[in-house]
Amino acid sequence: MKTFVGIDLGSTTTKAVVLDEEGAVLGRGITNSRSNYDLAAEVARTEAFVSARFSLLRAGVERAAGPAALDRLLRAFRLEQRLVQWARLRQWIEASAPRAAPASLQSALAATLEELFARLVAEEEERFRGDEAADRSDFFRDAAGSAYARVAQEIADPRGVTCDLLIGLYDHSIIAVENEPLDLGFPNHIRAALARCEGAPGVAEAAQAAASADLEIAASVGTGYGRARLPFPKEQIRSEILCHGLGAHAMFPATRTVLDIGGQDTKAIQVDGDGLVTSFQMNDRCAAGCGRYLGYIADEMNMGLHELGPLALESRAPVRINSTCTVFAGAELRERLSLGERREDILAGLHRAVILRAMSLVARSGGIADEFTFTGGVAKNPAAVLALRNLVAENYGERRINISADSIYTGALGAALFARRAA
Amino acid sequence: MTEIAKDRSMEIQKEMLADHYRRLEDAPKSGEPVVYTFVPGNLNELVRSFDALPVFPEINALQSAMRGKSAGYIATAEKAGHSEDVCSYVKCDVGMARSGNVGPTGTRLPRPDLLLLSYTGCYTFMKWFELLREEYDCPVVFVQVPYQGDGSITPGHRAYVARQIRETVIPALERLTGKPYDEGRLRESLARSARAEEDLVAVFESAMRRPSPIDAYFGAVYYVGPIFSAFRGTEEGAEYYRTLREEVEERARQGLGPSTPSGVLTRQKYRLVVEGPPNWTHFRDFWKLFSDEGAVVVASTYSKVGGTYDFGFRHDMEDPLGTLADYCGGCYTNIDLPGRVRMLADYVERYSADGFVIHSVKSCNSFSAGQLTILREVEKRTGVPGAFFESDLVDPRYFSPANLKNRLESYLQMIEARRGAAAR
Ligand code: SF4
């Protein structure tokens, strides 16, 4: 089957979407962006094809053994991928151990690492057996980092193999693991995954069929912040603006205005009935209206980025934040906290400040027409969404606001659609 | 062949400039009086008919920026107490004055004997000369120029400005130089201006051809240099424009595009109109963003800051003071918003442009105020989409190449996609 691939190389994450011949989404993949752009694109694409093959086998497996079997197979597959990553991490760490510690400590270090990885792998297996939610959204780097640090703390010896030594080894090696191609594709791990599931009749056959399906890439298009660094010829590169417009149109055909708030930039886009961009505005001189602003606030408050929104929603009396400058907002935040204002009220004000900035870009691009689609990482933040809804209603009246659960893939989807058009 | 022809006008211009700056350097010794004045609405013919030498501070500022000197000058001015929000031309000039007043070609600039302000449409100009007066303790002459608030220069405006030239400017120049006003000389000079203006308009209008033999923004910056400054009305000036016109006509005959940082741009994918002054600190980089994409500029408003000749104005030797008055009030920034919208829409249509770009600079309110309204209006009138870029004149801190590139690429791809859709 012919497929079309879109890759969106963003500043924080890289996304890939695979379309089938009819232009329907077959698979999606995401990974954290890294200094090696080709590799980030490759990882996202591999993930998207894993997800594509799972969509091919879905119907067969569900028919043969029900939805739970499908879920279990997927979790088994993820476990196999994880084990490859752990094994590779261990190799890197063991390879750098001789340089990281004096000879007197080497045998203790080897023993500690042995135990450390045995426990980490056991935890993964345990989670699989325990039917815990399969697909943690975290990337290996994040999930592995916290598990490793926790176990390292438990087994470190302050007078011998210290926690610092272990963490140092990890920090050094995780970068290496992230910057080398690991084989995490479907064909290599599906068999092992099947072996972990008690095979209902038909499951293996469906998986086999999916594994051997011929998914030929007929065309690819790249987009995003790092698109110029993708190993694509120039004709296969499209600007994010165009891809976001077309992607949003594919998700919500009646959309006429799109707002995307990503990590580093904010875009306000107007599209016509075919998803073609008619006008757009982006933030230029200043990053205050971007996702990074919230990242900065989260750091200031010592919170996780995803915790900000829910806390802000608890606000009863949002504070007015005057500064739209990211750095000054930090100062204002500290000032307000020291005055005894409630954290949720300050946070609600900060969310509003980000959205206000974005609203002025939207106004510049031509305002908000019905329907309005909100995309980008910030669209996942409920407090930002609430602020947006309020401001849209205040300034433009009744508007239908679309937010897709897959909104992070909007740009990659648009790119894949361009690939399909070009082919 | 063409390469040599192209070099000729460039070479001539370079020599003219070097010559002029040399004369300026010698002025303290030769005793030639020096008048500082600004580009918009300048009275160059009149000044030179008194054998005084003009200095244009904005031109020094932008030239300094093109030579990578502005960041240091601006820092010097900021240290001396000028805020970050002050027009960067001013700070660049003040910084240069405080760093030994060495001009862009490396020669020292003389102190002014007179500060002649003949366009008051920008308040910054007045404040700027106030600063220079402080610095140099020399006389200032001020011509109040009414804004074209109703879209034209009325007979009343004209008479008002002409009277100021007669009653204030001329006596001041007589006092300065010890020479009487010589109207015959002024008329000859105005006749030369008109000839050069005619040639310049022909150069601008060559951009209606496909391919356009010129770039009417980045390239035009060089074309308008002499006429907007010390050389309008001079023999060398008239000669320069004759040569330039021949050169451009020859290029057109050969079906060649303009020389750009990406080579001779004959395959032109996009024809654009540009509003707003260029960024000078990254002038070539900025130009290259366009030329790399095959975008050529076919008309611009910045090339009209010293006069909107293509809408008919020519200096008129029959009415010397009246024509100077019209010139003072006719510069681009003195035109009201509806007039600017009309002009841009007219360019988009007459030059069959695929799009128009507004380059909004942080420094200059004379240009920037109202530009978003202009954008929407021109889009509405022409049906052609506009783009909005932001940076600055000579403060390098406001030029973000990655953002500008991203925006320009997006914009051109949008034009391309719409073209494709229209073709289907
Ligand atoms: S504000 Fe604009 S018109 Fe006024 S001096 Fe500065 S650049 Fe020139």
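The structure is a predicted model, in which local features need pLDDT of at least 70 and side-chain atom pairs count only at pLDDT 80 or more, while totals for chains, interfaces and linings use all residues. Residues are numbered from 1 along each chain as its sequence is written, chains are lettered from A and ligands numbered from 1 in the order in which they are written, and side-chain values use heavy atoms, with hydrogens and water left out.

We may begin with the interface. Here 26 residues of chain B are in contact with 23 residues of chain A, contact meaning heavy atoms within 4.5 Å. Together the two chains bury about 2,000 Å², of which 44% is on carbon and sulfur atoms; buried area is the accessible area (1.4 Å probe) that two parts lose on being put together, summed over both. Of the area that chain B buries against chain A, 28% is supplied by B:Glu390, B:Arg407 and B:Gln413, more than by any other three residues. One salt bridge is counted between the chains, a salt bridge being a side-chain nitrogen of Lys or Arg within 4 Å of a carboxyl oxygen of Asp or Glu. It joins A:Arg364 to B:Glu390, with the closest N and O atoms 3.5 Å apart.

The ligand comes next. The residues around the ligand (a heavy atom within 4 Å) include B:Cys87, B:Tyr89, B:Cys122 and B:Trp128. Helix α6 of chain B (residues 123-136) gives the largest share of this shell, three residues. By class, the shell holds seven nonpolar residues, three polar and no charged.

As for the cysteines, the count of disulfides over all chains is zero, where a disulfide is a pair of cysteine sulfur atoms within 2.5 Å. For B:Cys92, the nearest cysteine sulfur is that of B:Cys87, 9.8 Å away. B:Cys92 is buried at 1% relative accessibility, buried meaning under 20% relative accessible area (1.4 Å probe, protein chains only). B:Cys331 is likewise buried, at 0%, and its sulfur lies 8.3 Å from the closest cysteine sulfur, in B:Cys328, too far for a bond.

In α10 (residues 305-313), the buried residues are A:Leu308, A:Gly309, A:Leu311 and A:Ala312. Their cover includes α9 (291-301), α12 (343-365) and α13 (382-396) of chain A. Helix α2 (residues 67-100) contains A:Ser96, which is buried with a relative accessible area of 7%. Leaving aside residues up to four places away in sequence, A:Ser96 touches A:Leu169, A:His172 and A:Ser173.

Conventions: Buried means under 20% relative accessible area, exposed over 50%, partly exposed in between (1.4 Å probe, protein chains only). Helices (H or I, at least four residues) and strands (E, at least two) are DSSP runs, numbered from the N terminus. Ala, Val, Leu, Ile, Met, Phe, Trp, Tyr, Cys and Pro count as nonpolar, Asp, Glu, Lys and Arg as charged, and the others, Gly among them, as polar.
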